[in-house]
Amino acid sequence: TDTRRAHPSGRRHLPDAPLLAAAEGRRPRHRPVWFMRQAGRSLPEYRELRATTGMLESCFNPDLVCEITLQPVRRHRVDAAILFSDIVVPLKAAGVDLDIVAGVGPVIAHPVRTAADVRALPRLVPEQVTPISDAVRLLVDELDQTPLIGFAGAPFTLASYLVEGGPSRNHEHTKALMHGEPETWHALLGALADTTIAFLQAQLAAGVDAIQLFDSWAGALTEADYREFVMPHSERVFAEVANAGVPRIHFGVGTGELLGAMGEAGADVVGVDWRVPLDVAVGRVGPGKALQGNLDPATLFAGWDVVEREVGKVLAAADRALEAGAIGHIFNLGHGVPPDTDPEVLTRVVDLVHRS
Ligand code: CP3
């Protein structure tokens, strides 16, 4: 079929996909919508599949990855699939001793805190993520016209897990290393950028249609620290994947103060959490980029009347952002789908956005 027609890059050709149109500044046939964490615990069919299989084990099983990734596309008719994986998968694949603990998140056996720890940190080689590449190939065959978003964790967010040893509220150890031993810090972020680049390149070679870099915890930093200690490494990631020619999305939580810098780092699309209305965000990002977001996920629990009203506010702010120079809008939540969300509400949001 048309979608399988070889593109010069070997990539699928999806000129009518609303997500890609919005990201590239073309006019989409309807407003594209997808949800961060759409593949996961809000879906009973996901819980059933995962009942007997650990999170990381699932991430290295191509058939399971393919099926879990497709579930929300079938159910909600979202405009993109996002690869079912996790930001720590490339670290695990490279040999870092870690696990994903339900209700907690990634837990690292030996936190990385010294120059010797950083020297010992393995870098990913693409062959170590063959099961993920295989899953991507299965998916692009199955997905027909729906784009597949690949992703990776940004160097800072990965560093936060490695240095703290697990999830952290205040990132004390991470910031102590950053300010106390800047050379070790930059060596660590450089190594993590190498791994992130290798992971994204493996996904791109297997055919993903867009990529999102999650710097989920970058909002913990001042803009000056972000620019000095983090941005050069994320910039290198974006630069190294630019030749693939696919839209690059950059997202973090609580990053209202960093939106300009996160756009400058090389993104085509800037993801905005729920704290900054999109018509304010456009002023910080500047013209010429698309925006993604940004319904407060908590809204999904407030009853349909409230959801409808709040979706309307996001769309109205997005329209003002488009008038102010944003080249496109991709509807999303301001962060991931909470596990106890009623999936029917998500399906109704998709319909509502498509009818807008
Ligand atoms: O739509 C999707 O779900 C795509 C797959 C996806 C997962 N993690 C699956 C997952 C994606 C894109 C991620 C990225 C990720 N992982 C991020 C960046 C996004 C963000 O939330 O800001 C971060 C920070 C992580 C680290 C991580 N992994 C956390 C904080 C958790 C939650 C721990 C918990 O149990 O509450 C995980 C585990 C995880 N990743 C789950 C899923 C579906 C839950 C594990 C399970 O189902 O048992």
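This is a predicted model: local features need pLDDT of at least 70, side-chain atom pairs count only at pLDDT 80 or more; totals for chains, interfaces and linings use all residues.
In the UniProt record, an unreviewed entry, Arg37, Gln38, Ala39, Gly40, Arg41, Asp86, Tyr161, Ser216 and His335 are listed under "binding site". These positions span 299 residues in sequence, and their farthest two C-alpha atoms are 22.6 Å apart, so they do not all gather at one spot.

The ligand has 23 residues around it, of which Ala39, Gly40, Gly105, Phe214 and Ser216 come nearest. By class, the shell consists of 12 nonpolar, 7 polar and 4 charged residues. Ala39, Gly40 and Ser216 are among the residues that come nearest to the ligand, and the UniProt record includes these three under "binding site".

Alanine 39 is placed in the loop that runs between helix H1 (18-24) and helix H2 (44-50). Glycine 40 is likewise found in the loop between H1 and H2. A residue counts as buried if 20 or more other C-beta atoms lie within 10 Å of its own. Alanine 39 has 23 C-beta neighbours inside 10 Å and is therefore buried. Glycine 40 has 21 other C-beta atoms within 10 Å, so glycine 40 is buried as well.

Contacts were considered without residues up to four places away in sequence. On this basis, alanine 39 touches Tyr46, Ile68, Thr69, Gln71, Pro72, Ile82 and Phe84. For glycine 40, the contacts are with Tyr46 and Val337.

Methods. Residues are numbered from 1 along each chain as its sequence is written. A residue is near a molecule or strand if its C-beta atom, placed from the backbone, lies within 6 Å of it. Ala, Val, Leu, Ile, Met, Phe, Trp, Tyr, Cys and Pro count as nonpolar, Asp, Glu, Lys and Arg as charged, and the others, Gly among them, as polar. UniProt positions are given in the numbering used here, feature names are shortened, and annotations may be inferred rather than shown by experiment. Helices (H or I, at least four residues) and strands (E, at least two) are DSSP runs, numbered from the N terminus. A residue is buried if 20 or more other C-beta atoms lie within 10 Å of its own, exposed if 12 or fewer, and partly exposed in between; C-beta atoms are placed from the backbone. Two residues are in contact if their C-beta atoms, placed from the backbone, lie within 7 Å.
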